[in-house]
Amino acid sequence: MSEKIKRVCLDPGHDAGNEANKSPDGSYYEHEFTLDMARRLEKLLTDRGVAVTLTRTGGEAVSLAKRCEIANSIPDLDLFVSIHSNAAGGSGWSDARGWSVYIYGPGGDRQRAAEDLLQQVRAAGIAVRSTPIVYDPELYVLRHTVAPAVLTENGFHTNREEAALLGKASYRQKLAEAEARGILEYLGIPWSEPPGEETPYQEEADAAVAWLVGLGVLRGNAQGDLMLDQPVTRRQLAVILYRLAQRYGAV
Ligand SMILES: [Zn+2]
């Protein structure tokens, strides 16, 4: 793999204290979906060597400003992906349906990322809105992130059929796989099948590096070069272990 590792920040929308964003029958909560989708995407991307950072990892409330701060603190972040599901109408069911992606405005890397996502979502047979790429300069996380940013609206939880689909693990995995393919396309990383029996060590090493970079434990030199084939001194090893222990609250 290239030593210039690609970095993606996933932003699961809302938090466990959010009661408003749910299906009219209360069977589906957007905050639960967004975190589960982020975890699925994290696995698909990390397995393919991408360093992933999540803006929240549990039900805790994280302000929009904090989410942007997390993203903006990641050096050379390649893409920020905020994950949501959509709503329409009042408190009842609505006919509005379909996947869409929001970006700040047309053009540039964010447009390319949105198009790569859209193409893969369409290819997976997922229903998309008639205008699937929406420009919205008002959305906070699109406005205040430095890296190219997209916000996915993964269908309407106010649509009876889509709410049922969004609640299903199999549909979530299909969505996550389509979006992971789109993100990898954008990053210029070929889609590869999960680690096989023949090359367990290399795949595991790629995943391990991506995980450690995502945690901020492995940082490379001042130029961001991870120097993966260079030997490590005992002092560097101690720092790596210390950062890992810190990350898990052991020191
Ligand atoms: Zn939302």
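How far apart should the ends of helix 1 (residues 30-46) be at 1.5 Å a residue, and what is the distance between its end C-alpha atoms?

1. Helix 1 has 17 residues, which should span 24 Å, and its end C-alpha atoms are 24 Å apart, in agreement. The expected span is 1.5 Å times one less than the number of residues in the helix. Helices here are DSSP runs of H or I with at least four residues, strands are runs of E with at least two, and both are numbered from the N terminus.

2. This is a predicted model, in which local features need pLDDT of at least 70 and side-chain atom pairs count only at pLDDT 80 or more, while totals for chains, interfaces and linings use all residues. Residue numbers start from 1 along each chain as its sequence is written.

3. Helix 1 is largely enclosed by the rest of the structure, because 13 of its 17 residues are buried. A residue is buried if 20 or more other C-beta atoms lie within 10 Å of its own, exposed if 12 or fewer, and partly exposed in between, with C-beta atoms placed from the backbone.

4. The domain assignment divides the chain into domain 1 (7-187) and domain 2 (200-247); such bounds come from an automatic or database assignment. The C-alpha centres of domain 1 and domain 2 are 29 Å apart. Nine residues from domain 1 and seven residues from domain 2 form the contact, where two residues count as touching if their C-beta atoms, placed from the backbone, lie within 7 Å. On the domain 1 side, strand 2 (residues 51-54) gives the largest share, three residues.

5. Strand 4 (residues 99-103) pairs with strand 5 (residues 128-135) in the parallel sense, over four bridges. Pairing requires that DSSP finds at least two bridges between the strands. Ile-103 is opposite Tyr-135 of strand 5. With helix 3 (residues 108-123), strand 4 and strand 5 make a right-handed β-α-β unit: with the strands pointing away from the viewer, the path from the first strand over the helix to the second runs clockwise.

6. Asp-76 is not a glycine, yet has a positive phi of about 55°. Asp-76 sits in the loop between helix 2 (64-72) and strand 3 (79-86), and counts as exposed because it has 11 C-beta neighbours inside 10 Å.

7. Met-227 is not a glycine either, and has a positive phi of about 50°. The loop that holds Met-227 runs between helix 7 (200-215) and helix 8 (234-247). With 11 C-beta neighbours inside 10 Å, Met-227 counts as exposed.
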